Amino acid sequence: MEMWFLAIPAVTACLCLFVPSPAWKHRINALGGLLLPIAAMPLIAQVLREGPQVRWGGHLYVDALSALLLMIIVLVGFCAACFSLAYMERERQAGIIDTAKLGRYYLWMHLFLLTMLAAAMVNNLGLLWVAIEATTLVSALLVGFYGREASIEAAWKYILLCSVGIALALLGLILLYFAAMQSGLMTLNWSELLPAAGRFDPELVKLAFIFVVIGFGTKAGFAPMHNWMPDAYSQAPSPISALLSAVLINCALVGVFRFHVLVVRAVPGDFASHLLLGFGIFSMVIAVPFVLLQHDIKRLLAYSSVEHVGLIVAAVGIGSPLALFGATWHLFNHALTKAALFLIVGRLEQQYKTRKIARIRGALARTPWLGAALLAGILALAGAPPFGLFMSELTVVAAGLGAPKGWTGMALLAPLLLAFTGMVYHVGKMVLGMPSLKWQRSAAMVQATSGSPLEWIALLPLALVLMMGIMLPEVVREGLLQAAAVLGGAGR
Amino acid sequence: MTMELWTGALQAVLALVAAPLLQGWIKWLKAQMQGRHGPSIWQPYRDLFKYSRKGEVISGHTSWIFRAAPVGLLTTTVVAAMLLPSPLVAAALPAMSGAAIGELLLFVYLLAMGRFCLALAGLDAGSSFGGMGSSREMYVAALAEPALILAALVLMIDAGTTNLTAIGETVRQAGWDWWSASHLLAFLALAVLVVAETGRVPVDNPDTHLELTMIHEGMILEYSGPSLALIQLAVWMKQWLLLNVWLQVMVPFGQGWMFAGLFCLLLALVGVGLALVESFFAKVRIFRVPRMMGASLMLGVLALLARFVQ
Amino acid sequence: MQLVEIVGTVLLLAAIWLVGNRRLDRAVVNLTIQALLLTLVALITAVVAGVHHMYGVALLLFLIKVVAMPMAFFWALRRSERVLEMQPVLSPVVATVGAVALVVMVYFAVGSIRLPVPAVMSGLLPVSLSVILLGILTMITHRKALLQVVGLMTMENGLFMLAMASTFGMPFIVELGIFFDVLVSAVIMGGLTHQMKVVFASTDTDRLNQLRG
C-alpha cells in the first residue's frame, strides 16, 4: 500500500493542468509537494529498519541507497514546489508567463518528480535507463520553458547531449545483458545480477562499464561531458535548476554507482575504481577555472556542481569504508545546499533582474535577509565550517590521504581550496560593499514585489545542512552508513 | 589439354553468338521503358551483318596500328572468353565441366590489353575526339583497376585460389552461406565496376555521340565497315563476359540445365537492372566518375575489413 | 544469423551514405530505409531464434520508425523548410571518406580487443558500433536541427540492432520503455525545432551560440 505515494505527483500534475484558476494551481502543487514527503517517509523508515524492500513483483527494489535518493527527492521536491508557488506567481504577475503556461509548468515539474522517483526505485537496470531518459525528456521541456533564444539553445544542447550520452549507456547495458545471458541469467534486475556478478565475463563488463560511465556520466555532469550543465541550469526556472542540480545528478550518479558495484565484483583489480577516480579528479580540476572566472551566478553554481560531483565520484573511486561514507554524506549535503542556493538565487534574480555577478552589488545592504541567505549558502557550498559540506569534504579528503596512493588526497584538496577562494571572492563582491549610486537612483525598481512568505522554505535545506555540520543525528548517520554499505557492494 | 581447348572454344563460340543478343535485349528493354518502340532484339546481329558488307574508309594519317587494333581487341576478348567457364557449356557437356582454365587475373588483364589496343587506335587517327576518348578511357580504367582487384581479392582469399572454376566450385559448395557481409560488399563493389567497364550510364552513355560526354564512342569514331563490326562484337562480348563473371562469383550455380536456365534468367534480370539504371539516372560528369570508383574502392576496403574481423 | 549480418551491413552502408548526404529529404528517406532494415533484423531474429516477443518489437518498429516518424518528419519539412539543400560542415567527399575511415578504425579496434563473444556478435559488433559512431558523426558534420535528430536516431538504430542480434532484444518491458522514450524524444525535439524556427527564423544549430563560459 505504501507504494501509492507514487501516484501523488501524477495526480498533482494532472490536476494542476486542468484546474483553471491559477491560485488553485499553486495550492494543489504545494499540497502535492507537502504530501509527498509525508507519504514516502514510512517506506524510507522501513528500509532503514528492515533492509531492502522489494515491491510490485520485483519491479521496485528499495535499498538504503534508493532510500537516500528518495529522501533527497521528496525533500527537495517539497521545497521546490513550495518555492515555485511564490516564484511562479511573481513571474505571472510580471507577465512573463500566462495561466496556461503555469499549468504546464506544474504538470512537467511533477512529472519530472515522478520520473526521478521511478529512477530511484526501479530494480531493472533497463528500466532505470528508461526512467533516466524520461527525466531528460521532461526536464528538457522545463529547461526550454521560457522559450527565449538562450533557453531554447540550452534545452536543445541539453536534450541532444544527454540523449547521445544515454544512448551510449544503453550500449553498455546491452553488453551487460549479454554478459549476464552468457552466464545463464536472463534478467537485468539489479537484485538478481548482484549475486551473480562474479561469474560475468570481465572483459565484456569492463567495456560495458566504460560506456555506462560515459553515458550516465553525461547526465551526472562528469567532465568533459558537462557542457550542457551550466546552460541548462542558468536557463531553467530556478526551482527547476534546484531539482536538476540537487536531485537529477544524483539519480544518474546512483546509476553509475550501481553498475560500479557489479563491475567491482566481476572485474578483478582496480579498473573500475581508477576509472571513477580519474573522472572525479578530472571533473574537479576542469571546474575550477570556470568557477574562478565566472560572471553568471547560476553558471557559477553549475560549475560548482561539476566540482562536487567530481568529489563524490572520486570518493567512491577510493572505495574505503570511510570514503564511501563520505561520498553518501557529501551527496546528501551537496543536494540540500545546492537546492537551497538555487532557490535563494532564484529570488535574487527576480529581485535584481539579473544573473550577472558584476551587477549584483551590496546585497547585504539592499536586501539584508536575502544577502545574508546568499552569503550563508555560498559559504556552505564552498565548504566553510560549520556547515555539513565542510565535514563531508573533510571526510573524503581524509579518506583520500589514507588511500594507497597518497597523492589522491592532495589531488582532491587542491581543487577544493581553489574553488573555495573563487566562491568566497564572488560572494564577497555580491553581498558586501555599498550599492552603486546608479542603483540608488533607480531604487524603486527593486522594491520587493508581492510574494508569499512560503519562499523562505529555501532556508530549510540550508538549516538541515548546518545541523548536520554541527551534530549528525543518529538516524541520518545510520542511513548514510547503510547506503555506503550498498555502495561497497554489501547487497544481498 | 585438348579438353581444355575444346571447352574454351565452345565458351568463346557461345560468347560470340550470345553477346549481341544480350545487347539487343538491353536496348529493347530500354526502349520499352522510355516509351519508344525501339529496334528489335535481333538488331545487333543485323548491324554486324550490315557493317561487314560495307566498305571501309581509312584516314590517310593512320598507321598499321589503326588496322591491327580491332583484330587485337577481338583476339584478346576471345581468348578471355575461352578462359571463362560458363554454366551453359557445363550443362551441355557435363563431361567437360571443370575443364575451363579460368585464371581470373589473366582474364582481367586480357580485357585490359584489349582496352589498350582500342586506346591506341583512338590515338592513332590523330583526331581530337579519338584522343579525348582514349585519355578518358584510360582515366576510368586506372581508377577502376585497384577497386576491381581489391573486391576480387576478398573472393579469391575465401576461395583460396585465383581460378574462376575453383571459385565457382567453392561458391557451389558453400551454397547461400557464401553470402556473408563481406562478400555482399564485394558484390556491390563489383557491380559498380561492371557498370563502369561496360561503358554504361552513369559512367558513359553508349547511345550518344555527343562530344562532351562520350568515352567509348570517341575512340571508335574513325572506324567503319568490317573493322567497326569487329570492335562492336568485341565490346558486346566484353559486356557478356563481365556480367558472366559477376553472376558466377555471386550465385551458387549447380550443374545441369536447370541451373543453366537460372543463369539465363538472372542474366536477363541483370539486363533489366542495367536498362533501369540507364533510364532513371543521368550520366555523371566525367570529373565525378572518380567518386563512383572511390565508392567502389571503399566498398572493397570494407569488404576486406569485414572478412578479416570474422 | 548470417542474414542478420548482411542486413546490418546494408544498414551500415546507409549510415555511411547519410554522413555524406546533403539533402534534408534524402536524410529522412535514408532514416526510413534504416528503420525498414531494422524491422527486417527483428523479423529474422524472431523467426530464426523463435523469440516471440520479437514479433511485437518488429511491429512496433514498423509502426513507429517506418510509418509514424518519417511521416512526421516530412510534415515538418514541408512546413518549415523551403530549401532542402544543406550546407554541411564538410564537403560530402571528405565526410564520406571520414566516415569510412571511422568504420575502418572501429573494425581494427574491435579486432584488437578480442572479446570472448560468439561468432554472431563478432561480425555484428563492429557493424553496430560503426553505425552508432556514424550517427554521432552525422550530428557533428551537419548544422540543421533535423539532421541532429536523424543522427541520434541512427545511433539508436545501431543500438537496437546490436541488442536484437546479441541478446534477442532486451526484456520486453524494457523494450517498450525504450520505444516510448524514443517516440517522446522525437516529439519533443520536433517541438524544439519548431520553436527554434519561430525564434531564430532558422533551424541551423549554428545560431545556438549565445551560451558560453
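Because the model is predicted, local features need pLDDT of at least 70 and side-chain atom pairs count only at pLDDT 80 or more, whereas totals for chains, interfaces and linings use all residues.

**Stop 1: chain A as a whole**

Select chain A and switch to a cartoon view. Along the principal axes, the C-alpha atoms of chain A fill a box of roughly 75 × 50 × 45 Å.

Now colour chain A by burial: 62% of its 492 residues count as buried. Here buried means that 20 or more other C-beta atoms lie within 10 Å of the residue's own, exposed means 12 or fewer, and partly exposed is in between, with C-beta atoms placed from the backbone. Among contacts in chain A between residues at least 6 apart in sequence, 80% join residues at least 24 apart; two residues are in contact if their C-beta atoms, placed from the backbone, lie within 7 Å.

**Stop 2: two helix pairs in chain A**

Select residues 22-50 and 64-93 of chain A, which are helices α2 and α3. They pack at an angle of about 170° with their axes 9 Å apart. Axes are lines fitted to C-alpha atoms, for helices over the stretch in contact, and angles run from 0 to 180 degrees between N-to-C directions. α2(A) and α3(A) are therefore roughly antiparallel to each other. For that wording, angles under 35 degrees count as roughly parallel, over 145 as roughly antiparallel, 65 to 115 as roughly perpendicular and the rest as oblique. The crossing of α2(A) and α3(A) is left-handed, meaning that the near helix is turned anticlockwise from the far one by less than a right angle (right-handed if clockwise). By class, this contact has 19 nonpolar, six polar and two charged residues. Ala, Val, Leu, Ile, Met, Phe, Trp, Tyr, Cys and Pro count as nonpolar, Asp, Glu, Lys and Arg as charged, and the others, Gly among them, as polar.

Next, select residues 271-292 and 407-431 of chain A, helices α11 and α17. Their axes come within 9 Å and cross at roughly 20°, which makes α11(A) roughly parallel to α17(A). This crossing, too, is left-handed. To see the contact, show side chains including A:L277, A:I281 and A:M284 on α11(A), and A:L412, A:P415 and A:L418 on α17(A). The contact residues divide into 14 nonpolar, two polar and no charged.

**Stop 3: backbone details in chain A**

Zoom in on A:A223 and A:P224, where the peptide bond is cis, with omega near 0°. A:P224 lies in the loop between α8 (202-220) and α9 (228-235). Then move to A:P385 and A:P386, joined by a cis peptide bond with omega of about 5°; A:P386 lies in the loop between α15 (368-382) and α16 (388-401).

Select A:K353 next, where phi is near 55°, a positive value in a residue other than glycine. A:K353 is found in the loop between α13 (321-352) and α14 (363-366) and is exposed, with 11 other C-beta atoms within 10 Å. As background, most residues other than glycine have a negative phi, and most peptide bonds are trans.

**Stop 4: chain B**

The C-alpha trace of chain B spans about 55 × 40 × 40 Å along its principal axes, and 48% of its 310 residues count as buried.

**Stop 5: where the chains meet**

Bring all chains back. Which pair of touching chains has the most contacts? Among the two pairs that touch, the answer is chains A and C. Here 33 residues of chain C are in contact with 36 residues of chain A, and α7(C) supplies the largest share of chain C's side, 14 residues.

Between chains B and C, the contact takes 14 residues from each. On chain B's side, α12(B) gives the most, with seven residues. Finally, no contact joins chains A and B, whose closest C-alpha atoms lie 18 Å apart.

Note on methods. Residues numbered from 1 in each chain as written. Chains lettered and ligands numbered in written order. Helix = DSSP H or I, 4+ residues; strand = E, 2+ residues; numbered from the N terminus.
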